[in-house]
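This briefing concerns a predicted model. The points below are grouped by topic.

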Amino acid sequence: MNLEKEKNSLIKCPKCNYKSARKLINGDIYCSPCATVEIEEGRKQAEIKAKEDTEKYLNDCKKNNYDKFLQGVGIPKKYLNVQSHEEKRSLLISGNFGTGKTYYAISAIKHYIENLPASCFVEPFTNIPRFVTIPDLLLKIRATFSLERCEEEIVDKYANTQLLVLDDLGVEKTTEFSLQTLYIILNRRYNEQLQTIITSNLTLDEVKDKLGDRIASRIAGMCRILKLNGKDKRLDKLKK
């Protein structure tokens, strides 16, 4: 009699309708087998939601931090809206003033940035590509001489990044310091086969004459030559 009364008092499992529900999960009481299934399904749903929430957060970071990221890379404001194009090679982009060398280099680095995973756009930005004019790079390194920052730290940042754009090779004052610094950066990148895009008003032969055999050899070993011809577009605008 007591057994029959207890049997009739059992709650039906909402999943299988079997009268042995005893485990409370999210306000419902399940039988033990269904409770195990329900817990596992809940865990999977929680994982899916967490993944979706993370992806949304990262995509929001990419959208909201994109221009800030570009400036952190070193791209000047005037080039933030440059249209991107894919460039997988290391290049020496050579040509006269105003022929679009910097524009071409930045369009390549922007394509690279657009295809980075969204996680790269969470601050603080790490492992990012770099754009720098060579005079500015040398100035940054010289500035460490009077500070506690280490010269090697600056060199490492540019020598080890996956993609580096070095703008205006050859306009810097040729000193033993500048030649040594450039060689260290280029040599490391050459050895590690890291993509490097260099712009210069000089041909490779002129680089050899001005900066020496070692630097010219490293550039020749890692870069294809892209020659941009034409008139100075900036001066053309002044004539109109």
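Glu40 lies in helix H2, which spans residues 32-73. The remaining points begin with this residue and then turn to a sheet and the elements around it.

**Glu40**
- With a relative accessible area of 32%, Glu40 is partly exposed, because this value falls between the 20% limit for buried and the 50% limit for exposed.
- The side chains of Glu40 and Arg43 are joined by a polar contact of 2.4 Å.

**Sheet arrangement**
- An open sheet is formed by five strands in the order E4-E5-E6-E3-E7, with parallel pairing.
- Strands E4 and E7 (224-228) are at the edges with a single partner strand each, so one side of each has no neighbour in the sheet.
- From one strand to the next, the twist averages 15°.
- Helix H6 (residues 176-192) packs on the sheet, where it touches E5 and strand E6 (195-200).
- The direction of H6 makes about 145° with that of E5.

- Strands E4 and E5 (residues 163-169) run parallel and are joined by four bridges.
- Arg130 has Leu164 in E5 as its bridge partner, and Thr133 stands opposite Asp167 in E5.
- In a regular strand, side chains alternate between the two faces of the sheet.
- In E4 (residues 130-133), Arg130 and Val132 are on one side, while Phe131 and Thr133 are on the other.
- Both faces of E4 are covered, and these four residues are all buried.

Methods:
Residues numbered from 1 in each chain as written. Predicted model: local features only at pLDDT ≥ 70, side-chain atom pairs only at ≥ 80, totals over all residues. Heavy atoms only, no water. Buried < 20%, exposed > 50% of the residue type's maximum accessible area, 1.4 Å probe, protein only. Helix = DSSP H or I, 4+ residues; strand = E, 2+ residues; numbered from the N terminus. Pairing = 2+ DSSP bridges. Axes fitted to C-alpha atoms, helices over the stretch in contact; angles between N-to-C directions. Contact = heavy atoms within 4.5 Å. Polar contact = N/O pair within 3.5 Å; in protein donor to acceptor, adjacent residues only side chain to side chain.
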